Amino acid sequence: MSLLRTTLRGVHLRSPAAFSSSIFIRSFGTSSLLKFPRKTRITQEISAEEVKRYEEQQHQQGNNAKDFYYRTNPSSDAGEYRNEPSSFHTIFNIPPNENGLITPEDGIYDILKEPTLVIERQIEIANVILGFEQANRYKIMNSTGEQIGYMQEKDLGILKVIGRQFFRLHRPFDIDVFNNYGDLLLTIKRPFSFINSHIKCFLPGYDTDNSLIFEKIGESIQSWHLWRRRYNLFKLEDEVTDDFNQFGAIDAPFLSFDFPVKNQNGDVIASVDRNWVGLGRELFTDTGVYIVRMDPASFAGMGELYPTVAGPLTLDQRAILLGNAVSIDFDYFSRHSRGPGGGFLSFGGGE
């Protein structure tokens, strides 16, 4: 039987229709959980009758995924909304998340509610000088350049340091997403891979035993091609049957800096675009700036490049796209991933 996962006022209801289910409630003000505010799910059993009443209520409200999906033609006037946040021009104040996991009560919502994110990879000094691969760190900004969070790769001892130097493009890593106060909001995991990278996104929380748990949101999988840059994006629909739904695909040409995401109808629903940051930084550093567009309002002024767009992405889909942006940076724009090359005083060879 399919698993119901809907959202109502910060409550997640997961239930096979004929069985009792679990309800996941955020816990506030718990002193032992201050490190992860608003991230707690306390499991409580509820009856099948309550599940049925909830389903009927949702049906009466006409909860239909198509209600929020729309197409539009962006303007080609680059100065139309200059110096205005793209959030001023979205159709929905709260991004939809039909059958999703993330709600406005989650800390990551404050980042994912933005229609446009600007991701900047920070300079690694040892990488510049010696070609020594350090843990990655990214700054997260909104469309006006205001920092709203950051991402930091976990650096767990000498073995991780050695692994980064030898495995390079194939190496596994965990990257945590934080707000400006250092609260953990999201975790992006990449296992070891021989050829195609595989990014998984998780929402952190606590169970009733006060143990840290991670609930899977979805994943991004690189699709090998001799010269094109391809990814498939999937959202988890049923955690019991491990059923995933593909909501987008990237098929960018050789050496592309633009990675539009298209749905099954061929509509552009999002994009990850890398900005040119200057010859010196491109040649001698791993730094880069990425524009992550997740709402039709994000494409204002880009009508020539994207004449027709659709959307918006749901909150869960936005989390997966954020993980995909990290994968794109690592797979195609890291100097180590491109082959030989270290810093000015590099002593390492190629792969």
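Q: In which loop is Glu 304 found?
A: Strands are DSSP runs (E, at least two residues), numbered from the N terminus. Glu 304 is found in the loop between strand S17 (288-293) and strand S18 (309-311). This is a predicted model, in which local features need pLDDT of at least 70, side-chain atom pairs count only at pLDDT 80 or more, and totals for chains, interfaces and linings use all residues. Residues are numbered from 1 along each chain as its sequence is written, and side-chain values use heavy atoms, with hydrogens and water left out.

Q: Does Glu 304 count as buried or exposed?
A: Buried means under 20% relative accessible area, exposed over 50%, and partly exposed in between (1.4 Å probe, protein chains only). Glu 304 counts as exposed because its relative accessibility is 72%.

Q: How far apart are Glu 304 and Asn 73 in sequence and in space?
A: The two are 231 residues apart in sequence, while their C-alpha atoms are 10.0 Å apart in space.

Q: Where is Leu 226 found, and why does Leu 226 count as exposed?
A: Leu 226 is found in the loop between strand S12 (212-223) and strand S13 (229-238). Leu 226 counts as exposed because its relative accessibility is 64%.

Q: Which strand gives the most residues to the lining of the largest pocket?
A: A pocket is, on a 1 Å grid over the protein atoms alone, an open set of points with protein on both sides within 12 Å along at least five of seven lines; lining residues have an atom within 4 Å of a point. Here 22 residues line the largest pocket. S14 gives the most, with 5 residues.

How values were computed. Helices (H or I, at least four residues) and strands (E, at least two) are DSSP runs, numbered from the N terminus. On a 1 Å grid over the protein atoms alone, a cavity is a set of points where a 1.4 Å probe fits but cannot get out, and a pocket is an open set with protein on both sides within 12 Å along at least five of seven lines; lining residues have an atom within 4 Å of a point.
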